[in-house]
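Trainee: Could you walk me through this model before I start on my own notes?
Mentor: Gladly; have a look at it, and then ask whatever comes to mind.

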Amino acid sequence: QVQLVESGGGLVQPGGSLRLSCAASRSGFSIGAMGWYRQAPGKQRERVAEITSDGSTNYADSVKGRFTISRDNAKNTVYLQMNSLKPEDTAVYYCNARILRERSWYSYWGQGTQVTVSS
């Protein structure tokens, strides 16, 4: 069974930076697009950023110019560099990966990591 293990969340002041990481627990399979989502209290989960296997990226309008998604295919890891953080970025952040198993693509989720932006 493949698991996505996240790290890097925490408490940061407005204007600060954090870097999230998400690594697949096993290797030897194909990973397609990877992404980061977030869910704030009382709100629906929203997509923050996504990166395809060939490196193409897209971002939610609310984070463009502040967040950068990247991946290391050799390490089966996706990153989210978050700069100029705002209080409205406070949420639980989840990574997602589409993984090929037995000729079908499946969507996997990390356990979530809390990001709190507050002074």
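**Strands, loop and contacts**

Mentor: From the N terminus on, the elements of the protein chain run β-β-β-β-β-β-β-β-β-β-β, which comes to zero helices and 11 strands, where helices (H or I, at least four residues) and strands (E, at least two) are DSSP runs numbered from the N terminus. The radius of gyration of the chain is 14 Å, close to the 14 Å that the globule rule gives for 119 residues, so the chain is as compact as a globular protein of that length; the radius is taken over C-alpha atoms, and the rule is 2.2 Å times the number of residues to the power 0.38.

Trainee: What should I keep in mind about where these values come from?
Mentor: This is a predicted model, in which local features need pLDDT of at least 70 and side-chain atom pairs count only at pLDDT 80 or more, while totals for chains, interfaces and linings use all residues. Residues are numbered from 1 along each chain as its sequence is written, and side-chain values use heavy atoms, with hydrogens and water left out.

Trainee: What does the C-alpha trace span along its principal axes?
Mentor: The trace of the protein chain spans about 45 × 25 × 25 Å along those axes.

Trainee: And how much of the chain counts as buried?
Mentor: Of the 119 residues, 43% count as buried, where buried means under 20% relative accessible area, exposed over 50%, and partly exposed in between (1.4 Å probe, protein chains only). Among contacts between residues at least 6 apart in sequence, 54% join residues at least 24 apart, a contact being heavy atoms within 4.5 Å.

Trainee: Which residues does Ala91 touch beyond its sequence neighbours?
Mentor: Leaving aside neighbours within four places in sequence, Ala91 is in contact with Arg38, Gln39, Ala40, Thr113, Gln114 and Val115. Ala91 lies in strand S9 and has a relative accessible area of 2%, so it is buried.

Trainee: What joins the side chains of Arg98 and Glu50?
Mentor: A polar contact of 2.6 Å joins them; such a contact is a pair of N or O atoms within 3.5 Å, and within protein one must be able to donate a hydrogen and the other to accept it, with residues adjacent in sequence counting only if both atoms are side-chain atoms.

Trainee: Moving on, where is Glu102 found?
Mentor: Glu102 is in the loop between strand S9 (91-101) and strand S10 (104-109), and Arg103 is found in that loop as well. Phi of Glu102 is near 50 degrees, a positive value in a residue other than glycine, and phi of Arg103, likewise not a glycine, is positive too, near 70 degrees.

Trainee: Are those two buried or exposed?
Mentor: Glu102 is exposed, with a relative accessible area of 71%, and Arg103 counts as exposed at 82%.

Trainee: Last one: why does Ser21 count as buried?
Mentor: Ser21, in strand S3 (residues 18-24), counts as buried because its relative accessibility is 18%. Among the residues in contact with Ser21, beyond neighbours within four places in sequence, are Val5, Trp36 and Tyr79.
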